[in-house]
Structures are given as structure tokens and as C-alpha cells.
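Subject: A structure for you to explore

Hi there,

Here is the structure I promised to pass on. Have a look around it first, and then read my notes below.

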Amino acid sequence: SRAVAPFPGSVARAARVQSTRASRYARQRFAMRLDNGQRCGFFIGDGAGMGKGRQLAGIIAQHWAEGLRKHLWVSVSNDLKFDAERDLRDLGCGHINVIPLNKCDYGTLKEKQGVIFCTYSALISARKAGARGKTAQRRLDQIFQWCGGSDFEGCLLFDESHKAKNLFGGAGGGKPTKAGQA
């Protein structure tokens with residue numbers, strides 16, 4: 001496990017105390033491993049308007065300072081990308097590229113580092129094989145390839161995670177949704 005890098009001074013000065021605290025707690029948790037060897041996660045369950053986006057930006061900033069240059073931010077709307085950029089900028093990290101997946105072609109992403117920003121529905125979208133020799137491809141496969149597969153060390157940030165919906169299905173025998181499974 002990597003040592004936790006100190007928070008960059010410019011970020012610490014610009015961040016709210018709450019954002020800095022959440023970033024540090026998250027980083028401590030990420031340094032821990034589950035019994036099966038997988039990295040632990042961190043959940044922020046604050047209410048509306050409490051600055052969860054700023055906290056997510058702070059978590060990215062912390063990891064960026066440690067040299068991790070690829071992250072995935074999933075949210076409910078492509079329009080929230082602008083809020084993510086604002087939150088990063090407000091923390092002194094406007095240099096971190098936020099890549100709108102909805103504006104990218106299918107295939108290999110040209111950006112080598114940054115934050116892919118996509119929606120939950122993008123996780124289950126796909127391009128069908130068709131004319132002009134295009135082969136079928138899922139966005140999820142594209143993201144997985146860009147992240148580096150199972151060697152990925154960056155952050156997976158699920159904003160508005162209640163919108164992922166039904167990973168296991170409901171108690172009444174409902175089926176899991178595709179977005180939840182992705």
C-alpha cells in the first residue's frame with residue numbers, strides 16, 4: 001500500500017474543512033484491504049446541498065497529488081460535469097482534465113489521464129455493429145480499457161449513487177437493473 005501523501009498546500013487552503021476531512025478519511029479507508037484483498041471503499045451520505053461534489057473533487061485532488069492520474073466520476077446527468085470542473089477548479093485543481101464520455105467516440109480514448117465523467121445510463125450504452133465497418137462496443141468496456149483493467153488504482157466516484165438502482169433486485173423478487181449491475 002502507498003503512503004498517504006500530504007494534501008497540497010494550495011488545495012488545503014482552498015478546500016472547506018469538510019472536504020479536506022472527507023478526503024483524508026477516504027484516503028485512509030482506501031489504504032485498507034478487505035479479507036479478499038480488494039481495496040476498501042468510502043461512502044458519503046450527506047443530504048442535498050452539503051457539498052458532496054466538492055468532497056469528491058477533494059478525493060480526486062488527493063489522489064492526483066499522489067500520482068494517480070485516471071479516475072471515473074459517474075453521475076445522473078452530463079450537465080453535472082460543469083459542477084465537477086468547478087469543484088476541482090475551486091480546490092486549485094483546474095488543470096485536471098474532466099473528460100465528458102458522451103462527447104467521445106467509441107473506441108480507444110485519446111486522453112491518457114484525467115477524470116472520465118459519465119452517467120449511469122452510459123455504463124450500459126453500446127454501439128451496435130453496422131455500416132462503415134463499425135464493430136459493436138460497450139461504453140463499459142471502453143471505460144475498463146482506459147482505466148487499465150484490473151490494475152486500476154484510481155477513484156471510482158458514484159455521485160447520486162441511489163440512481164444506480166437495484167444491483168441485487170428487490171425483496172419482492174424483482175430483477176436487478178442493467179445500470180445497477182454495471
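This is a predicted model: local features need pLDDT of at least 70, side-chain atom pairs count only at pLDDT 80 or more; totals for chains, interfaces and linings use all residues.

Now step back to α3 itself. This helix covers residues 52–65, 14 residues in total. From first C-alpha to last it reaches 20 Å, close to the 20 Å expected at 1.5 Å a residue. Is α3 enclosed or open to the outside? Of its 14 residues, 13 are buried, so the rest of the structure largely encloses this helix.

Along the sequence they come in the order α-α-α-β-α-β-β-α-β-β-α-β-α. The chain has 182 residues, and 40% of them count as buried. If you take the contacts between residues at least 6 apart in sequence, 63% join residues at least 24 apart. The chain exposes about 10500 Å², with carbon and sulfur atoms supplying 51% of that area.

Next, the charges. Side chains of opposite charge can pair when their charged atoms come close. How many salt bridges does the structure hold? There are 6. One of them joins D87 and R54, with their closest N and O atoms 3.4 Å apart. This pair links distant parts of the chain, since D87 sits in helix α4 (residues 81–90) and R54 in helix α3, 33 residues apart. D87 is buried, at a relative accessible area of 5%, and R54 is buried too, at 12%.

R86 and D83 both belong to helix α4, 3 residues apart, which is about one turn of the helix. R86 counts as partly exposed at 34% relative accessibility, and D83 also counts as partly exposed, at 29%. Through shared partners, salt bridges join R54, D83, R86, D87 and D90 into one network.

Finally, compare that with R139, which is found in helix α6 (residues 139–147). R139 is buried yet has no salt bridge. Which side chain of opposite charge is nearest to R139? That is D105, 6.7 Å away, while a salt bridge needs the nitrogen and oxygen within 4 Å. Beyond its close sequence neighbours, R139 is in contact with several residues, including L101, Y106 and S125.

Enjoy exploring!

Key
Residues are numbered from 1 along each chain as its sequence is written. Side-chain values use heavy atoms; hydrogens and water are left out. Helices (H or I, at least four residues) and strands (E, at least two) are DSSP runs, numbered from the N terminus. Buried means under 20% relative accessible area, exposed over 50%, partly exposed in between (1.4 Å probe, protein chains only). Contact means heavy atoms within 4.5 Å. Accessible areas come from the Shrake-Rupley method with a 1.4 Å probe; for residues, only the protein chains shown count as cover. Lys and Arg count as positive and Asp and Glu as negative; His and the chain ends are not counted. The expected span of a helix is 1.5 Å times one less than its number of residues. Lists of a residue's contacts leave out its neighbours within four places in sequence.
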